[in-house]
Amino acid sequence: MDTNDLQHLTDDVAAEHAAALADHASRRGFLRALGFGGLAAGAAAAGGSLLSGVASAADTTTTVGVVPIATGTTTTAVPATTTTAPPRSPTTDDLRIIAFVQSIELAIVQVYANAESSAKLDPAVLAPVATFREHHREYADAFTSLAGTATVGLVNQSFVKKYGAPLISTSDPKVLLQGLLTVERVMTATYESYLSQIASTSLANLVASIMAIEGRQAVVLGQALGLPLAQLSPSFQNIDGAAKPADFPITL
C-alpha cells in the first residue's frame with residue numbers, strides 16, 4: 001500500500017480515537033460529580049482481590065407492584081414489573097474486568113515496543129505502529145481514569161511472553177507486522193467476549209468504543225500486509241482467540 005494512503009487511514013483512526021477519549025472524559029466528569037471516586041477506592045480496599053476472577057452478573061433490581069385494570073364492571077389487579085436502569089459506575093465485577101483488560105492493553109504496548117526495537121519494520125509502517133502503540137497506552141490510562149485507585153496498572157507478562165517475545169528474534173518485517181495484527185485481533189475479541197458481562201454503562205461505552213477502534217487498527221495493519229479487505233472485515237465480530245484470565249494471569 002502507498003505510504004500516503006496508509007497514513008491517511010491511520011489519521012482517520014487517530015481522529016476516531018481522539019473523539020472516543022474526549023467522550024470518555026466527558027462521561028468521567030459526570031461520574032465524578034456523582035461521587036464515584038470514593039466508590040472505586042472503597043471497592044479496591046474492600047473484600048476480594050481484583051485479580052481473583054471475573055464475574056458476569058449485572059447488578060439490577062426489580063420491583064413488582066399491582067396495577068388495577070378495569071374490564072367492564074370489574075377491576076382486575078395485574079402485577080406490574082419495573083426494572084431499574086443499569087448502574088452508571090463500574091461494579092465490583094466490572095473492576096475485575098478492568099484490571100484484566102488494562103493489563104493486556106499495557107502488554108500490547110510492550111509488544112509494539114518489541115516490534116519497533118527490532119529496527120526491521122518497513123519504514124512505511126513506522127508512523128502507524130507508533131500511533132497505535134500510543135493508543136493502547138492511552139486506553140490503559142482511560143481505564144485508570146474510570147476506576148481510579150481500584151485499577152492494578154500491571155503489565156500482563158504472560159501475554160508479553162506469548163505474543164511479544166517472538167517479535168524480538170525475527171528479522172522478517174512481515175512477521176513483525178503479522179504479530180501486531182494478531183494482538184489487535186486478540187484484544188478486539190477479548191472486548192467482545194466481555195460486553196455481555198459488563199454491568200455498568202460507563203464501562204460498556206468505553207469498551208465498545210475501544211473495540212471498534214482497535215478493529216480499525218487491525219484493518220490498517222492488514223492492508224499494510226496486503227491482505228484482502230474481505231478477510232479483514234468479517235460480517236460479525238467473534239470471540240475466537242479472546243484472552244482469558246486463566247490463560248494470562250496477572251502476576252504481581
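The model is predicted, so local features need pLDDT of at least 70 and side-chain atom pairs count only at pLDDT 80 or more, while totals for chains, interfaces and linings use all residues. Residues are numbered from 1 along each chain as its sequence is written, and side-chain values use heavy atoms, with hydrogens and water left out.

Let's begin with the whole chain. It has 8 helices and 2 strands, where helices (H or I, at least four residues) and strands (E, at least two) are DSSP runs numbered from the N terminus. Starting at that end, the order is α-α-β-β-α-α-α-α-α-α. Of the 252 residues, 40% count as buried, meaning under 20% relative accessible area with a 1.4 Å probe, protein chains only. Among contacts (heavy atoms within 4.5 Å) with a separation of 6 or more, 80% join residues 24 or more positions apart.

Now turn to the helices. Two packed helices are described by the angle between their axes and the distance between the axes. Helix α4 (residues 126-147) packs against helix α6 (residues 173-195) at an angle of about 30°, with the axes 12 Å apart. The axes are lines fitted to C-alpha atoms over the stretch in contact, and angles run from 0 to 180 degrees between N-to-C directions. This pair is therefore roughly parallel, a term for angles under 35 degrees. On the α4 side, Val129, Phe132, His136 and Phe143 meet Leu177, Leu180, Glu184 and Tyr191 of α6.

Helix α6 has another partner in α5 (residues 157-169): their axes come within 9 Å and cross at roughly 160°. α5 and α6 are therefore roughly antiparallel to each other, the word for angles over 145 degrees. From α5, the contact uses Phe159, Tyr163 and Leu167, and from α6 it uses Val175, Leu176, Gly179, Leu180, Thr182, Val183 and Val186.

Finally, look at the loop between α3 (92-117) and α4, where you will find Ala119. Most residues other than glycine have a negative phi. Ala119 is not a glycine, yet its phi is positive, at about 60°. At 66% relative accessibility, Ala119 counts as exposed, the term for values over 50%.

Terms used:
Angles under 35 degrees count as roughly parallel, over 145 as roughly antiparallel, 65 to 115 as roughly perpendicular and the rest as oblique.
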